[in-house]
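Biologist: Before I use any of these labels, I would like to hear what stands behind them. Please take me through them one at a time.

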Amino acid sequence: MNPESLAAAAAILLAAYFIRGITGFGSGLIAVPLLALFMPLQFVVPLVLLLDFTASLVLGGLHFKRVRWDEVGILIPFSVVGVAFGTGLLVSLPQAPMLIVLALSVLVFALRSLLNLHGEKPVSRLWAIPAALTGGTVGGLFGTGGPPYVIYLAHRIRDKGESRATLSALFFIEGLTRIVSFLIVGLLLTPGVWSAYAVALPLVLAALYLGGRAHVGLAPAQMTRLVGLLLLVSGISLLVKAGTA
């Protein structure tokens, strides 16, 4: 990679994991689409998986007592099924169609965030099944499976601290499943992925620390709009890239 690409990748990771430090999610949604503009998805997705797994360990470990394990337990079995399916698609599909699907998924979540389309009523736990299947599949395919989990848990957990801790614990367990799945198909056996992970890790840890400090001071609505704006730009950029792929 040239110096300009390295600087861009560093800035993307700092922004993505700063937001992850504040909200407990969003790093993959921001990092994967933007890094995919100048890196292949089959490299970006495993790299972000390793970084997200580390972030989940850090954030979940720091807030272990606030995790809602009853919610995590019902999501994980269906998530594992989705991860296996999504990983199979990642190694078999061509890049251009995957970029289009990723872009449209990101744009839907961006508009949802910008328009503040959030219901207030609690939902049945039966909704955990489609949420986990969709989240696992999209996570295995793009490393950005957070939105279905976030939408579901937003209707189940009202406390901001509990929600952040529960998402981190969920992403840690789901990330472990994806690591096993990626090892089986060979996506994590590329030396370049581990080298990039080692280089990026200090940036990610610093961004998580700063995001954790800012977590108390920012209103949820402000961060939701910021995430939505970043995702909107990411989604449009991906559609442009898909058209030239």
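Modeller: This is a predicted model. I will start with helix 1 (residues 3-23) and helix 9 (residues 191-214), which pack with their axes 7 Å apart and at an angle of about 40°.

Biologist: Why is helix 1 called oblique to helix 9?

Modeller: Roughly parallel needs an angle under 35 degrees, and roughly perpendicular runs from 65 to 115. The angle here is about 40°, so helix 1 is oblique to helix 9. Their crossing is right-handed.

Biologist: Which residues make the contact between helix 1 and helix 9?

Modeller: Helix 1 contributes Ala10, Leu13, Leu14, Tyr17, Phe18, Arg20, Gly21 and Ile22. From helix 9 come Ala200, Leu203, Val204, Ala207, Leu208, Leu210, Gly211, Gly212 and Ala214. By class, the residues of this contact are 13 nonpolar, 3 polar and 1 charged.

Biologist: What makes helix 6 and helix 7 roughly antiparallel?

Modeller: The axes of helix 6 (residues 128-142) and helix 7 (residues 146-154) cross at roughly 155° and come within 7 Å. Angles over 145 count as roughly antiparallel, and therefore the label applies to helix 6 and helix 7. Helix 6 passes helix 7 in a left-handed crossing. On the helix 6 side the contact uses Ala128, Ala131, Ala132, Thr134, Gly135 and Gly136, and on the helix 7 side Pro148, Tyr149 and Tyr152.

Biologist: Why is Asp52 counted as buried?

Modeller: Buried means under 20% relative accessible area. Asp52 has 8% relative accessibility, so the residue counts as buried. Asp52 lies in helix 3, and its side chain makes a polar contact of 2.6 Å with the side chain of Ser27. Leaving out residues up to four places away in sequence, Asp52 touches Tyr17, Arg20, Ser27, Gly28 and Gly143.

Biologist: How do you know that helix 2 is mostly covered?

Modeller: In helix 2 (residues 27-35), 9 of its 9 residues are buried. Among them are Ser27 and Gly28, both of which are touched by Asp52. The list also includes Leu29, Ile30 and Pro33.

Biologist: Thr54 and Thr177 carry which labels, buried or partly exposed?

Modeller: The cut-off for buried is under 20%, and partly exposed lies between that and 50%. Thr54 has a relative accessible area of 12%, so Thr54 is buried. Thr177 has 22% relative accessibility and therefore counts as partly exposed.

Biologist: What lies around Thr54?

Modeller: Thr54 is in helix 3 (residues 41-62). A polar atom of its side chain lies 3.0 Å from the backbone oxygen of Leu50. Apart from neighbours within four places in sequence, Thr54 is in contact with Tyr197, Leu201 and Leu205.

Biologist: And what is Thr177 in contact with?

Modeller: Thr177, found in helix 8 (residues 160-185), is in contact with Val80 and Val83, leaving aside neighbours within four places in sequence. Thr177 and Ala84 are 93 residues apart in sequence, yet their C-alpha atoms are 8.6 Å apart in space.

Biologist: What share of the protein chain is buried?

Modeller: Of its 245 residues, 49% are buried. The chain has 10 helices and 0 strands.

Notes:
Residues numbered from 1 in each chain as written. Predicted model: local features only at pLDDT ≥ 70, side-chain atom pairs only at ≥ 80, totals over all residues. Heavy atoms only, no water. Axes fitted to C-alpha atoms, helices over the stretch in contact; angles between N-to-C directions. Helix = DSSP H or I, 4+ residues; strand = E, 2+ residues; numbered from the N terminus. Left-handed = near helix turned anticlockwise from the far one by under 90°. Contact = heavy atoms within 4.5 Å. Buried < 20%, exposed > 50% of the residue type's maximum accessible area, 1.4 Å probe, protein only. Polar contact = N/O pair within 3.5 Å; in protein donor to acceptor, adjacent residues only side chain to side chain. Nonpolar A, V, L, I, M, F, W, Y, C, P; charged D, E, K, R; others polar.
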